[in-house]
Amino acid sequence: MRRPDEKESEAAALQLRIAHEWDQLEKALQADAFWYFLSNRPGPQRNRIGFLFELVAKADGIPDGIGDDGYEIFYTYSKKLKDDRISPELEWLKIKQTYMTLEEWFEDRTLYHIVGFLIQQGFGVEKIRSLSEPITKSEFERKLRDEVFAMVIGGPKPVDLSREDLCERVNESLDDMDYGTDAHKSRIRSILLLFNLATLLESPRSNLRFQFDSFKREDWDIEHVRSVASERPLRHHDRVDWLKRCLGYLETQETEVELCSGIEAFVALSQKDAINVDFDALYERVLGVFKESDDEDVDHGIANLTLLDQSTNRSYKNAVFAVKRQRLLSLDQSGIFVPLCTRNVFLKCYSPQVDNVMFWSSNDRNAYREVIAKTLVNFFDGNQEVSK
């Protein structure tokens with residue numbers, strides 16, 4: 001039988017080990033790349049480990065809502081550990097095992113993107129964890145893809161769905177998406193985000209990862225690749241801003257000298273003097289240079305939409321394609337986060353023939369739409385890299 005001093009010594013050693021491991025887990029959760037993979041909220045600057053306690057508490061059946069108060073979580077566990085019938089070591093092991101599960105998801109490139117997408121869409125970590133037990137890793141991944149399918153395409157994905165039928169389901173869903181319909185906007189944003197993640201997963205040789213931390217720290221809008229006619233500037237200062245952006249691009253091309261002079265003349269006018277100048281004629285001349293006739297209907301479908309941070313989108317939303325492209329490339333070159341597929345759109349990577357980078361044609365839209373569909377089908381079909 002152990003003597004009292006031996007018990008005290010063992011208890012002290014256990015406390016020291018738990019304190020050390022606690023510190024290590026807290027440091028790991030302080031890394032924003034890991035934290036924003038798991039959470040959609042900024043989270044506290046200290047005691048992020050409470051997130052793990054909350055997950056274990058829910059798994060143990062402690063009532064929902066307790067996690068709303070971080071102190072209540074710690075109080076609950078402190079009280080629990082004082083119970084002589086409970087082993088502090090086993091309780092701490094639950095915390096470590098929870099962390100190890102999350103770390104495994106984070107380190108696995110495929111799970112990182114699929115789990116990260118579901119969490120970003122509001123799918124609870126505890127629910128994802130319940131899907132992983134007690135099955136193999138490949139079965140878990142399949143379940144996750146099916147959850148994503150139900151979320152963005154709609155309805156459960158039949159196990160025996162052929163690739164041809166899968167293509168049909170995906171294409172029907174994409175054709176149904178219309179930015180002009182408020183009810184569709186959240187689904188469009190989900191599809192565009194998933195397209196980015198699925199694109200990254202298509203190359204088994206790539207080690208690129210989507211930056212959930214950068215993405216979640218910004219507000220993101222759905223942006224028309226080519227502006228719609230209804231966005232024609234009406235107020236004087238909006239017209240001046242729009243013309244200045246076009247002028248900035250045209251000056252770099254050293255073409256259309258006469259048009260540039262006309263733009264400069266209008267920009268120099270006061271609001272009162274501008275009333276006597278035909279802005280619409282100047283506007284149509286500029287659109288003509290960029291081959292964006294205001295007479296052509298620009299659709300609100302997925303083939304003309306991409307993700308863009310809110311601040312850039314609101315300041316450039318009615319700009320012509322070439323100006324948006326110049327701005328996006330400038331952000332990318334400055335190291336500012338731009339989603340891969342947004343970058344690819346403005347580089348015209350999806351276009352079969354890049355005959356002119358100044359405008360976004362119907363051929364460009366069709367090619368982009370085809371790539372979105374193919375990438376999503378590959379994702380749901382599991383025709384991508386094998387989890388490592």
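This is a predicted model: local features need pLDDT of at least 70, side-chain atom pairs count only at pLDDT 80 or more; totals for chains, interfaces and linings use all residues.
**View 1. Strand β1, covered on both faces.**
Let's start with strand β1, which spans residues 220–224 and is mostly covered, with five of its five residues buried. Trp220, Ile222 and His224 sit on one side. Asp221 and Glu223 sit on the other, and they're buried too.

**View 2. How β1 pairs up with β2.**
Here β1 meets strand β2, made of residues 305–309. The two run antiparallel, and five bridges join them.

Isoleucine 153 belongs to helix α8, which covers residues 137–154. Is this residue buried or exposed? Its relative accessible area is 9%, which is under the 20% cut-off, so isoleucine 153 counts as buried. Setting aside neighbours within four places in sequence, isoleucine 153 is in contact with Val148, Arg169, Val170, Ser173, Arg187 and Phe380.

**View 3. The nonpolar cores.**
The largest nonpolar core has 80 residues, and among those with the most contacts inside it are Leu52, Leu102, Trp105, Ile128 and Leu144. Helix α10, residues 182–201, gives this core its largest share, ten residues. Now zoom in on isoleucine 128: leaving out neighbours within four places in sequence, its contacts are Trp105, Val115, Leu118, Ile119, Phe123, Phe140 and Leu144. There's also a second, separate core of 23 residues, including Cys260, Phe266, Tyr283 and Tyr316.

Key. Residues are numbered from 1 along each chain as its sequence is written. Side-chain values use heavy atoms; hydrogens and water are left out. Buried means under 20% relative accessible area, exposed over 50%, partly exposed in between (1.4 Å probe, protein chains only). Helices (H or I, at least four residues) and strands (E, at least two) are DSSP runs, numbered from the N terminus. Two strands pair if DSSP finds at least two bridges between them. Contact means heavy atoms within 4.5 Å. A nonpolar core is a set of buried Ala, Val, Leu, Ile, Met, Phe, Trp, Tyr and Cys residues joined through side-chain atoms within 4.5 Å.
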